Amino acid sequence: MKAIRVHAYGGPEVMAYEDVPLPEPGPGQIRVRQGAIGVNFIDIYFRTGAYKAAQLPFTPGKEGAGRVTAVGAGVTGFRVGDRVAYGSAEGTYAEEPVIAAAAAVHVPEGIDDATAAAMMLKGLTAEYLLHRVYRVKPGDTILFHAAAGGVGLIACQWAKHLGATVIGTAGTPEKAELAKAHGCDHVILYREEDFAARVREITGGKGVPVVYDGVGKATFPASLDCLSPLGTFVSFGSASGAIDAFDIGLLAQKGSLYAIRPTLFTFSSQRPVLDAMAENLFGAVRSGAVRIPVNARYKLAEAQQVHRDLAGRETTGSTVMEP
């Protein structure tokens with residue numbers, strides 16, 4: 001089969017499109033012929049070495065969807081022919097990878113492979129952010145950075161459906177319009193405006209109870225200035241670079257704030273929690289409350305260009321590759 005292999009950490013050019021042996025699933029594993037492969041910033045972190053792979057060479061990728069073609073020993077709940085999707089697997093930049101059965105969930109009727117592959121990592125991230133890290137309630141006003149990004153477009157729709165007033169940030173007028181079309185009541189152009197001042201203006205000086213920040217370096221510490229006393233700063237990514245030297249004393253100075261750096265994998269590692277999260281996500285999508293915008297499609301062989309476009313903020317919504 002064809003797969004992307006990384007033999008040394010570095011730029012997009014280190015990803016090679018190669019022939020590799022078709023793997024056999026071991027105990028607790030399934031093999032999946034993928035119809036679509038999700039692309040995420042975490043894939044870039046692994047490619048560059050910001051996050052270390054278990055070994056070199058390795059195949060990147062966490063997300064995908066397709067049909068089960070083989071089942072390893074001890075696997076229950078999955079059979080050959082089942083449609084599955086996953087957002088925390090390993091090595092999905094491949095035509096037919098072997099993944100841990102514990103990472104997979106069944107895909108219900110009415111959701112195609114591209115939508116399923118596009119929604120798992122980002123959609124499950126939105127699920128735990130809005131329902132588990134800080135439970136968004138009717139009447140809340142929230143701030144979500146990068147509102148036109150993959151997680152942002154899903155989360156802002158969902159937060160609006162939950163009854164929140166949604167403030168988003170975006171880098172361009174075009175992205176601002178996209179965010180408004182996907183649940184945002186207010187969009188701040190963070191390159192042109194002081195977003196903390198605008199949040200205070202929008203909220204009548206009160207601030208917001210929660211800031212969801214997947215941007216990182218470029219939006220910190222100003223994100224803390226958007227929070228009301230006892231508010232929660234949720235740092236779930238670092239698209240602009242990691243936050244340097246976090247000073248916990250800032251939380252006291254700015255209103256006895258809470259701060260958390262959650263990951264999807266902590267939540268999805270518990271099978272009952274993963275099943276509940278997936279059921280919640282699929283239900284929101286099937287009801288029409290959340291639309292999954294697949295705004296870019298590439299071939300697996302174009303993985304280098306996909307990473308260039310993603311890192312350059314040239315994409316909006318979800319991006320998938322097709323084998």
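A crossing is left-handed if the near helix is turned anticlockwise from the far one by less than a right angle, and right-handed if clockwise. The model is predicted: local features need pLDDT of at least 70, side-chain atom pairs count only at pLDDT 80 or more, and totals for chains, interfaces and linings use all residues. Residues are numbered from 1 along each chain as its sequence is written, and side-chain values use heavy atoms, with hydrogens and water left out.

Helices (H or I, at least four residues) and strands (E, at least two) are DSSP runs, numbered from the N terminus. H2 (residues 113-133) passes H3 (residues 150-161) in a right-handed crossing. Their axes, lines fitted to C-alpha atoms over the stretch in contact, with angles from 0 to 180 degrees between N-to-C directions, are 9 Å apart at an angle of about 45°. H2 and H3 are therefore oblique to each other; angles under 35 degrees count as roughly parallel, over 145 as roughly antiparallel, 65 to 115 as roughly perpendicular and the rest as oblique.

With H8 (residues 271-287), H2 packs at an angle of about 100°, again with axes 9 Å apart, and the two are therefore roughly perpendicular. The contact (heavy atoms within 4.5 Å) includes Tyr-128 of H2 and Phe-282 of H8.

## Aromatic pairs

Rings of Phe, Tyr and Trp (its six-membered ring) pair if their centres lie within 6.5 Å; planes under 30 degrees apart count as stacked, over 60 as edge-to-face and the rest as tilted. The count by this rule is nine aromatic pairs. Tyr-128 and Phe-267 are stacked, at 4.7 Å centre to centre with 20° between the planes. Tyr-128 lies in H2 and Phe-267 in helix H7 (residues 264-268), so the pair ties together parts 139 residues apart in sequence. Both residues are buried, where buried means under 20% relative accessible area, exposed over 50% and partly exposed in between (1.4 Å probe, protein chains only).

## Backbone geometry

Most residues other than glycine have a negative phi, and most peptide bonds are trans. A cis bond joins Leu-56 and Pro-57, with omega about -5°; Pro-57 is in the loop between helix H1 (41-48) and strand E4 (64-71).

Ala-146 has a positive phi of about 55° and is partly exposed, at 34% relative accessibility. Ser-256 also has a positive phi, of about 50°.
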